[in-house]
Amino acid sequence: QKIEGIIKSPFSTDEKLNKYDDVTSYNNFYEFGTGKGDPLDNSGDFQPKPWTIKVDGLCNNPGEIGIEDLMGQYQQEERIYRMRCVEAWSMVIPWVGVELASLLKKFDPKTEAKYVEFTTLFDPKQFPGQKYPIIAWPYTEGLRMDEAMHPLTLLATGIFGEELPPQNGAPIRLVVPWKYGFKSIKSIVRIRFVDKMPTSTWMQQAPSEYGFYANVNPDVDHPRWTQAKERRIGEFFRRPTLAFNGYAEEVADLYKGMDLRKNF
Amino acid sequence: MAGKRKIPIKPFVFLVCLLPAFWLVYGIFTGTLGANPIETILRDLGDWTLRFLLLGLAISTVRRLMGWAWVMRYRRMIGLFAFFYAFLHLAVYIGIDHFFDWATIWKDIVKRPYITIGMTALLLLIPLAVTSPKIMVRKLGGARWKKLHKLVYPIAIMGVVHFYLLVKADVREPLIYGGILLFLLGERLYRRYGESFQFAKSIR
């Protein structure tokens, strides 16, 4: 369904959008299967409504919010972002959603809260991929507090002006455009303020390959893929990958003084 | 043999073996290979290389287990198709996926074990393909030719390891290939050492 009352955002790139069909048929969403086409093929019975997100942990105002309330109470913005997968491909996607910071503030995080942890729904009936222990379910991700509060960080509710299709993480997902795609956790049911760095699913799966930060960085190779270049879906030649996926001006300050080779 | 048959089987098998390649060419022209066709092509060619390698190894196993001597007629062709798909796999990796970006390709070979292993397996396939004609068997002498072609065992193992190392988390598919390979190699080991093992027991 169409999302009403969307405003445009100055954070959008003017690069050429990827095709709707490509954005919705080429997905890494292991909950529906590990093939790129599995999420589209296996998500026919997925029920993104009703849906509640529980927000708790180190905050003064823990609680829940339903997806309808979230979409009704918060201004929905269109944000056209580059999305760079750790597998060295990328897309340009017109997301719709709300700044994560505006939602988090409502729950009033305490000063001890240093990180935010996100969890995907665990429901093998709806997510057939969860029947096999390919990775440790449920999928978990995390951001440092300042990353979570950064104005670029989006909680997406839609793409191309419509509600998110299941394969893209319905009904609500994270979008952190300067990090590899796997940080942008899908189908979120829980957000928790914590004082210690959460161990994300991929860190747990292969600690030498995936770090907590996962900032797009052409100078730090993944052991299995060079990250210097990427293939924009729909293009033939690989193009050079940009530091922080081209968002260095906005986010490089967050990592000042950090060794990004160690904190990969 | 083939002269007595009404239907020529060998050309038919040959065409069947070409179907995966035809399917990819068809997909390229109809645009049905998905959002990332280069990845699809590369992956598909890799899959078919492994399948033909295992099929080639399965032929003598089938002959021994089922007693079907006729299957041996297809072994060389199947083996050459494994080489054919492996060669296309490499060509697409170099010429299309990386568009002859030799610096990146060289770094890939040196740095990434799955590519190092895959590339080695591919290089080792070349002498087998070159010595596949019957005349080469005569030139080399049967014993030496046989010895050379035992290279197919490490090649197949490297092929499966190459696949195993490249998947991110879901190792089920490479494990299936690995299981089949283990059976095919196990049958050979059992045939070779199993009997002498029993013989040793009978002396005792």
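Residues are numbered from 1 along each chain as its sequence is written, and chains are lettered from A in the order in which they are written. Local features of the predicted model need pLDDT of at least 70, side-chain atom pairs count only at pLDDT 80 or more, totals for chains, interfaces and linings use all residues, and side-chain values use heavy atoms, without hydrogens and water.

The contact (heavy atoms within 4.5 Å) involves 28 residues from chain A and 20 residues from chain B. The size of an interface is often given as the accessible area lost when the parts come together. Here the buried area (accessible area, 1.4 Å probe, that two parts lose on being put together, summed over both) is about 2,000 Å², with carbon and sulfur atoms giving 50%. Of the area that chain A buries against chain B, 28% is supplied by Arg224(A), Arg231(A) and Phe236(A), more than by any other three residues.

Seven salt bridges (a side-chain nitrogen of Lys or Arg within 4 Å of a carboxyl oxygen of Asp or Glu) are counted between chain A and chain B. In one of these, Arg231(A) pairs with Asp97(B), and the closest N and O atoms are 2.9 Å apart. On the side of chain A that touches chain B, the elements giving two or more residues are α6 (201-205) and β12 (229-232) of chain A; helices (H or I, at least four residues) and strands (E, at least two) are DSSP runs, numbered from the N terminus. This side of chain A comprises 14 nonpolar, six polar and eight charged residues, where Ala, Val, Leu, Ile, Met, Phe, Trp, Tyr, Cys and Pro count as nonpolar, Asp, Glu, Lys and Arg as charged, and the others, Gly among them, as polar.

Grid points are joined across faces, edges and corners, and a volume is the space filled by probe spheres set on the points. The whole structure holds one cavity of 30 Å³ or more. The largest cavity has a volume of about 350 Å³. Its lining (residues with an atom within 4 Å of a point) consists of 25 residues, with Asn28(A), Phe29(A), Gly181(A), Phe182(A) and Lys186(A) nearest the centre. Strand β5 (residues 89-99) of chain A provides the largest share of this lining, four residues.

Notes: On a 1 Å grid over the protein atoms alone, a cavity is a set of points where a 1.4 Å probe fits but cannot get out, and a pocket is an open set with protein on both sides within 12 Å along at least five of seven lines; lining residues have an atom within 4 Å of a point.
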